[in-house]
Amino acid sequence: MQSSKLKVTFMLAPKIQTNFAPGASRIISTNLVRNKKLDVQFSDFALRLYHDYIENERYKHYFHEGDMLNTYGKLSLEYTKYGSQLYNFVKIPKHVYQVGIDEIETDYVIVSAVSIFSFSFVKQLIESGKKVILGGAVINTYPNVSYVRQYFKDMNTDLDKLNNNLIIVQGFVDLNTDFYEIIKEWKDVVLPKAMYGTIYDCDYDYLMESKYSPNVVVLPLSEGCYWGKCTYCDIFNGRENKVDIFYNDHLAKKIQNNINTIVKNYPNCDCLNLHENYLSQKTLDFINNYIDFPNKITKLYGYTGIKFLTNDRYTKAFSDLSRGRLKVFSLLGADGVNNFTLSQCNRGFSFRDIEQALINIGTYLDKHFIFSITMIKDLPIKNYLDTYKSNEYYEKIYYFLSKYIWTTFNVNYLILYPNSKMTQSVVNGSNKYMKLLKNPLDIRSSGIHYFLNKYLKDYNSMIDPVIRSLVPFYRVDEYGGLLPQDDEIQPFHGVV
Ligand code: SF4
């Protein structure tokens with residue numbers, strides 16, 4: 001007698017900017033369709049949410065029209081470089097999530113989440129009676145799964161449903177991960193170390209078949225974060241973050257095949273994102289020596305960092321990525337441009353390193369490269385004069401780099417996520433320059449709370465427990481005096 005298969009749905013959690021296909025959707029899709037004990041359905045709700053009217057509607061609902069249209073000159077707020085930050089912070093009304101939940105036909109739902117901003121949706125999913133298997137990048141930022149459970153408790157998730165309807169999967173899924181067994185066991189699980197090479201055997205992705213099939217596809221080619229110690233970072237802080245890639249001819253063939261299949265299968269794909277983290281010298285050498293990018297690929301995302309670019313050999317290898325035809329997009333995280341701020345954040349590079357990196361960019365890179373300089377507002381500063389000097393220096397960077405490459409700014413306001421070292425130091429009172437606030441509505445609130453206070457129509461939007469979990473703070477200078485926000489001292493929104 002034939003045993004019936006277990007019916008499951010797989011989906012990316014909404015709140016991901018899904019104009020690109022993350023590696024996880026390909027790895028998990030392929031894994032699931034190969035599992036003979038599972039009958040899998042896929043939901044592209046996250047893609048549709050990002051693309052359809054809901055997006056515009058919620059902006060209208062939460063933001064003043066004047067701000068939307070005239071934030072700084074000609075650009076609408078949502079299309080500025082703040083867009084990505086706003087995307088996370090505008091609460092999606094419950095009934096919008098319900099549309100996606102109502103479409104799910106199976107009892108079991110596997111959800112991959114990249115940030116805590118997905119948790120409101122997951123809470124609603126659990127409470128709707130679905131049995132949720134939750135994994136993804138955000139789960140791996142927690143020391144263990146009990147922190148994730150506590151987070152859902154703090155969100156007032158129905159306790160019975162939390163205990164009965166959720167299991168959490170921590171670790172990295174590979175082709176061998178058996179979701180049938182995980183579901184059968186029905187308890188939280190930490191996966192064994194992933195077989196990294198098997199991810200290049202994954203060539204099916206449900207996103208290929210969506211009418212919103214993405215044009216940017218992630219090809220995991222990174223060894224993770226080389227540093228892992230930035231105090232505001234909740235992604236790698238204090239955790240093992242290195243991925244060992246042992247390149248050899250066999251792996252080179254696998255990766256090349258994988259690229260060729262990706263290009264063939266995603267109808268809109270013209271851009272490969274070489275993973276979300278830094279490209280090391282080893283990986284760059286491998287790509288330059290072994291990998292061909294088919295003609296359909298005209299763009300790459302390849303992330304680099306100041307410390308890498310202080311090295312001549314590295315910068316030359318980075319310049320070889322373009323092969324004289326590909327446009328290469330990169331983020332350059334300067335964040336703060338003075339030694340005081342950099343050391344407070346333990347960024348791992350100095351002001352002198354920034355200058356050396358700029359010289360190397362000017363020497364080796366050309367207009368095939370489009371760098372977005374990431375700055376963070378309301379980081380700790382020694383005194384308000386530092387803000388003037390920093391803004392002046394950002395402008396100088398822009399005019400210097402524009403001679404050689406295309407340059408833009410990616411402006412963010414500091415967020416104290418629940419897990420970062422910086423957050424801990426603010427909460428336990430040991431941070432000399434950043435002080436805890438009880439109330440995010442406090443007029444002294446800095447960073448993301450200042451930003452939300454300024455742009456949101458009303459703070460009811462902040463009832464969302466995820467937003468409330470971001471720790472409010474204010475800044476003081478070297479003498480303990482209250483510092484205004486960077487914007488109040490001197491606004492800087494990039495150079496137009
Ligand atoms: S912010 Fe720092 S720790 Fe986090 S990924 Fe970047 S370099 Fe690594």
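User: Leaving aside neighbours within four places in sequence, which residues is Ser25 in contact with?
Analyst: This is a predicted model, in which local features need pLDDT of at least 70, side-chain atom pairs count only at pLDDT 80 or more, and totals for chains, interfaces and linings use all residues. Numbering starts from 1 along each chain as its sequence is written. Contact means that two C-beta atoms, placed from the backbone, lie within 7 Å. With neighbours within four places in sequence set aside, the partners of Ser25 are Leu12, Asp205, Tyr206 and Leu207.

User: Is Ser25 buried or exposed?
Analyst: Ser25 sits in helix H1 (residues 23–34); helices (H or I, at least four residues) and strands (E, at least two) are DSSP runs, numbered from the N terminus. A residue counts as buried if 20 or more other C-beta atoms lie within 10 Å of its own, exposed if 12 or fewer, and partly exposed in between, with C-beta atoms placed from the backbone. Ser25 has 29 other C-beta atoms within 10 Å, so it is buried.

User: What distance separates the C-alpha atoms of Ser25 and Met11?
Analyst: Along the chain, Ser25 and Met11 are 14 residues apart.

User: Which residues of H7 are buried?
Analyst: H7 is mostly covered, with seven of its nine residues buried. They are Phe119, Ser120, Phe121, Val122, Lys123, Leu125 and Ile126.

User: Why do the buried residues of H8 line one face of the helix?
Analyst: In H8 (residues 145–154), Val148, Tyr151 and Phe152 are buried. Seen down the axis of H8, they line one face because their directions from the helix axis to the C-beta atoms fall within an arc of 95°.

User: Which exposed residues does the face of H8 turned away from its buried side carry?
Analyst: The buried residues of H8 pack against helix H7 (119–127), helix H9 (159–165) and strand E6 (166–170). The face turned away from that buried side carries Ser146, Gln150 and Lys153.

User: At roughly what angle do the axes of H12 and H14 cross?
Analyst: Gln281, Leu284, Asp285 and Asn288 in H12 meet Tyr314, Ala317, Phe318 and Asp320 in H14. Axes are lines fitted to C-alpha atoms, for helices over the stretch in contact, and angles run from 0 to 180 degrees between N-to-C directions. The axes of H12 (residues 281–290) and H14 (residues 312–320) come within 9 Å and cross at roughly 40°.

User: What is the value of phi of Arg323 near?
Analyst: Arg323 is in the loop between H14 and strand E11 (327–335). With 13 other C-beta atoms within 10 Å, Arg323 is partly exposed. Its phi is positive although the residue is other than glycine, and lies near 50°.

User: Is Asp378 buried or exposed?
Analyst: Asp378 is in the loop between strand E12 (369–377) and helix H17 (385–402). It is not a glycine, yet has a positive phi of about 70°. There are 26 other C-beta atoms within 10 Å, so Asp378 is buried.
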